[in-house]
Structures are given as C-alpha cells and as structure tokens.
Amino acid sequence: MADRVWTAGQSAAINMREGDLIISAAAGSGKTAVLCERVIRSLLDEKEPINISDMLIVTFTKAAAAEMKERIAKSLRTAAKEAQSREE
C-alpha cells in the first residue's frame, strides 16, 4: 500500500467501512488515488476482507477507470508476492 500522506478527509474516505460512499472533489485532488487505496485496503483487510464482487466503483472517464484498474492490479500483485515471500 502507498507510503503517501493522506489528508484527514482522504483518510476518512479510505477507512470508512459502513455503508456506501460517494467521493466528489475537484480535479487533481486525489480522488482516483483515494478510491484505489480504499479498494486495496478493503480487499486486503485481515479481519473483514470485502469481496471485489461486492463493490461498485464508478469513475467519470475511461482513463480514470484504466488507471484505477492498473493501480489496484499492481498493488494486489505486490501484496501476493509479499505474502508468498513470508510463507517461504
């Protein structure tokens, strides 16, 4: 997961687990990064992981969707490699 410093609002959006969430903010404010981090943490949560099939993630552009898909896939690949290394 990212070594990024999140604002209070971004952290709240990333860590909220109850109910639905809509993220609306200005261009360049980090919406895509927040959504990616939220998805990654939800999927990799050790206590209560969320199944990707239970998520609906909507963006306004194909470019943002492609960026999210790549970021999430890259993070999951990294997490899988780290888990495999710990098992060896």
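Is Gln10 buried or exposed? Keep that in mind as you move through this predicted model.

**Start with the whole chain.** Show the cartoon and you will find three helices and zero strands, following an α-α-α pattern along the sequence. With a radius of gyration of 13 Å, close to the 12 Å that the globule rule gives for 88 residues, the chain is as compact as a globular protein of that length. Along the principal axes, the C-alpha atoms fill a box of roughly 45 × 30 × 30 Å. Take contacts between residues at least 6 apart in sequence: 50% of them join residues at least 24 apart.

Of the 88 residues, 23% count as buried. Colour by charge next: there are 13 positive and 13 negative side chains, and the centres of the two sets lie 8 Å apart.

**Select residues 31–44.** This is helix H2, whose 14 residues reach 20 Å from first C-alpha to last, close to the 20 Å expected. H2 is mostly covered, with 11 of its 14 residues buried; among them are Val34, Leu35, Cys36, Val39 and Ile40.

**Finish at Gln10.** Zoom in on helix H1, where Gln10 is found. Gln10 counts as buried because its relative accessibility is 11%, under the 20% cut-off. Show its side chain together with Arg4, Ser29, Gly30 and Val34, which are its contacts once neighbours within four places in sequence are left aside. Val34 takes you back to H2, where Val34 is one of the buried residues.

Conventions. Residues numbered from 1 in each chain as written. Predicted model: local features only at pLDDT ≥ 70, side-chain atom pairs only at ≥ 80, totals over all residues. Heavy atoms only, no water. Helix = DSSP H or I, 4+ residues; strand = E, 2+ residues; numbered from the N terminus. Expected span 1.5 Å × (residues − 1). Buried < 20%, exposed > 50% of the residue type's maximum accessible area, 1.4 Å probe, protein only. Contact = heavy atoms within 4.5 Å. Rg over C-alpha atoms; globule rule 2.2 N^0.38 Å. Lys, Arg positive; Asp, Glu negative; His and termini not counted. Charge placed at Lys NZ, Arg CZ, Asp CG, Glu CD.
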